[in-house]
Amino acid sequence: MQWLNIILQGVLIGGLYAMFAAGLSLIFGVMRLVNIAHGDLIVLAAYVSLIVTQAMDIDPLVSLLLVVPIMALIGYALQRGLLNRTLGDDLLPPLLVTFGLSIIIQNGLLELFTADSRRLQAGAIEVQAFEVLQGVWIGVLPLIQFAIAVVVIAGLQTLFYRTAVGRAFRATSDDQSVAQLMGLDTRHVFAMAMALSLAVVAIAGIFLAVRTNFDPAIGPARLIFGFEAVIIGGLGSMWGTLAGGIILGVSQAIGAQIDPGWQLLAGHIVFLIILAVRPQGLFPKVTG
Amino acid sequence: MPDLLQVKAIDVFYGDFQALFGVSLSVEAGQIIAVIGANGAGKSTLLKTIAGLMHPRRGEIRFNDLTLTGRPAFDVVNHGIALVPEGRRLFPSLTVEENLLIGGQPRRPGPWTLPRVYDLFPVLAERRHLSAPALSGGQQQMAAIGRALMANPRLLLCDEISLGLAPIVVRDIYMRLPQIAAEGLSLIVVEQDIAQALRAASHVYCLQEGRVALTGATHELTRETISAAYFGV
């Protein structure tokens with residue numbers, strides 16, 4: 001029963017990891033850009049939520065209504081103003097520029113908010129839980145977080161394969177110059193993709209900040225979790241990314257149970273095993 | 001009748017390499033123009049430049065009394081010029097129908113809709129849910145033409161639509177060009193298959209090493225003058 005409990009908690013946190021990963025995978029899929037600043041943007045979203053909740057005295061979950069559009073706007077502007085200029089045949093310039101962006105965000109946050117740990121307070125909901133089986137408890141907040149992760153993944157999947165915007169994303173990913181011949185301004189398409197990515201980042205950032213303490217330096221570790229979930233699940237598959245997040249979450253939970261020091265290590269080891277045994281990931285997108 | 005498209009003495013470069021030297025060309029509404037020439041004569045470059053994928057360093061491109069010089073490709077197609085690119089270049093991760101739908105993205109009003117394209121190429125309707133790479137070469141070419149038509153262009157640019165296709169398929173596709181032109185649009189057809197191009201077009205431009213070596217109405221030109229211009233001998 002104890003193990004069931006542990007696995008369940010791992011699955012629930014896997015939803016959060018999947019949200020870290022979804023935005024990363026979306027950007028790579030559409031424009032072959034590896035966003036090294038992704039983790040720091042998650043932390044930035046947490047701080048934006050901190051400001052919004054304090055200034056307006058609202059619940060962190062309600063602040064989503066503001067933080068999601070704010071981050072989406074930042075994403076659009078970031079892409080149009082900076083990242084579009086780095087895209088080309090070479091993968092290196094966007095890598096270097098987002099690496100620089102990561103450093104700028106970390107130090108900017110440090111300057112503005114100091115290195116103190118912060119936390120978003122969600123009130124009573126944080127400790128509410130219910131017993132599903134005897135001895136197996138599920139927290140209300142982790143459950144909401146997981147449900148939202150599933151909705152986000154399903155939403156992205158639908159958007160990609162059922163809407164005109166998704167069609168434009170896939171076409172641009174296939175062939176940029178022909179996409180232009182279809183009347184698509186690829187600079188705008190890329191900016192829309194980044195806006196969408198940062199909208200997901202906003203959700204992930206707020207749930208992260210309600211769950212644990214955060215400070216300006218924790219971004220890169222979230223980036224690693226995101227990368228690992230994408231690779232485990234297989235590039236190009238949104239449901240695979242959710243599965244990847246869950247596998248990572250469960251591995252960490254089991255590792256932590258064996259020895260608290262093994263939590264992160266267990267996740268990395270499972271990731272490395274999957275990378276070695278099945279480098280294309282568990283659920284790669286079937287192309288035909 | 002005023003010209004629909006006027007290309008005035010354009011010079012086009014790839015970096016330091018000059019591909020077109022003072023090329024001029026004009027197309028009237030409803031006209032089919034053939035551009036012929038050997039490999040590397042600059043035919044594709046000319047079409048890409050008209051479509052806005054490349055930009056002339058000198059000269060001007062006017063379309064419908066509007067200057068298009070320097071406008072990006074996504075803007076050019078919104079004004080009514082669609083390109084069927086060389087090698088078809090369908091989007092491999094989209095289905096046939098999605099490829100056609102994305103061609104209609106500019107949302108220009110006009111006769112071409114999904115059902116009309118399926119009428120023109122019935123085989124595409126049967127295969128609408130397949131991914132683009134699952135089609136045969138000829139069907140891919142039909143899809144690429146259909147995709148360009150979905151933009152309801154006033155000028156359709158066709159780059160080597162016979163390339164790599166069986167002669168019977170090429171004939172089949174060329175037979176439909178008059179049907180397409182009957183909707184009032186003009187065509188520029190770039191071909192290496194001269195006989196095919198001459199049958200379809202009323203005017204021909206022959207490019208040689210980036211310059212217009214010969215131009216005239218197809219019925220006034222003899223095989224000899226054309227081959228002289230083509231090979232430069």
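Helices (H or I, at least four residues) and strands (E, at least two) are DSSP runs, numbered from the N terminus. With that in hand, here's a look around this predicted model, starting with a loop in chain B.

B:Arg89 sits in the loop that links strand E6 (81-84) to helix H3 (96-103) of chain B. Its phi is positive, at about 45°, even though the residue isn't a glycine. Most residues other than glycine have a negative phi. Chain A has a case too: A:Asp57 is not a glycine, yet has a positive phi of about 55°. A:Asp57 falls in the loop between helix H2 (38-56) and helix H3 (60-86) of chain A. Here are the two side by side:

| Residue | Phi | C-beta atoms within 10 Å | Exposure |
|---|---|---|---|
| A:Asp57 | about 55° | 7 others | exposed |

**A helix pair in chain A**

Next up are H6 (residues 164-174) and H8 (residues 186-211) of chain A, which pack with their axes 10 Å apart and at an angle of about 115°. That makes H6(A) and H8(A) roughly perpendicular to each other, and their crossing is left-handed. On the H6(A) side, the contact uses A:Val165, A:Ala168, A:Phe169 and A:Thr172; across from them in H8(A) are A:Thr186, A:Val189, A:Met192 and A:Ala193. Sorted by type, the residues of this contact come out as six nonpolar, two polar and no charged.

In soluble globular proteins, nonpolar side chains tend to be buried together. The largest nonpolar core here has 161 residues, and those with the most contacts inside it are A:Ala45, A:Ala193, A:Ala202, A:Ile206 and B:Leu157. Which helix gives the most to this core? That's H8(A), with 20 residues. As for A:Ile206, leaving aside residues up to four places away in sequence, it touches A:Ala45, A:Ala46, A:Ser49, A:Pro60, A:Ser63, A:Leu64, A:Val67 and A:Leu120.

**Where the chains meet**

Finally, the interface: 22 residues of chain B are in contact with 15 residues of chain A. On the chain B side, the elements giving two or more residues are helix H2 (73-78) and H3 of chain B. The chain B residues on that side split into 15 nonpolar, five polar and two charged.

Definitions and conventions
Residues numbered from 1 in each chain as written. Chains lettered and ligands numbered in written order. Predicted model: local features only at pLDDT ≥ 70, side-chain atom pairs only at ≥ 80, totals over all residues. Axes fitted to C-alpha atoms, helices over the stretch in contact; angles between N-to-C directions. Parallel < 35°, antiparallel > 145°, perpendicular 65-115°, else oblique. Left-handed = near helix turned anticlockwise from the far one by under 90°. Contact = placed C-beta atoms within 7 Å. Nonpolar A, V, L, I, M, F, W, Y, C, P; charged D, E, K, R; others polar. Buried ≥ 20, exposed ≤ 12 C-beta atoms within 10 Å, placed from the backbone. Core = buried A, V, L, I, M, F, W, Y, C linked by C-beta atoms within 7 Å.
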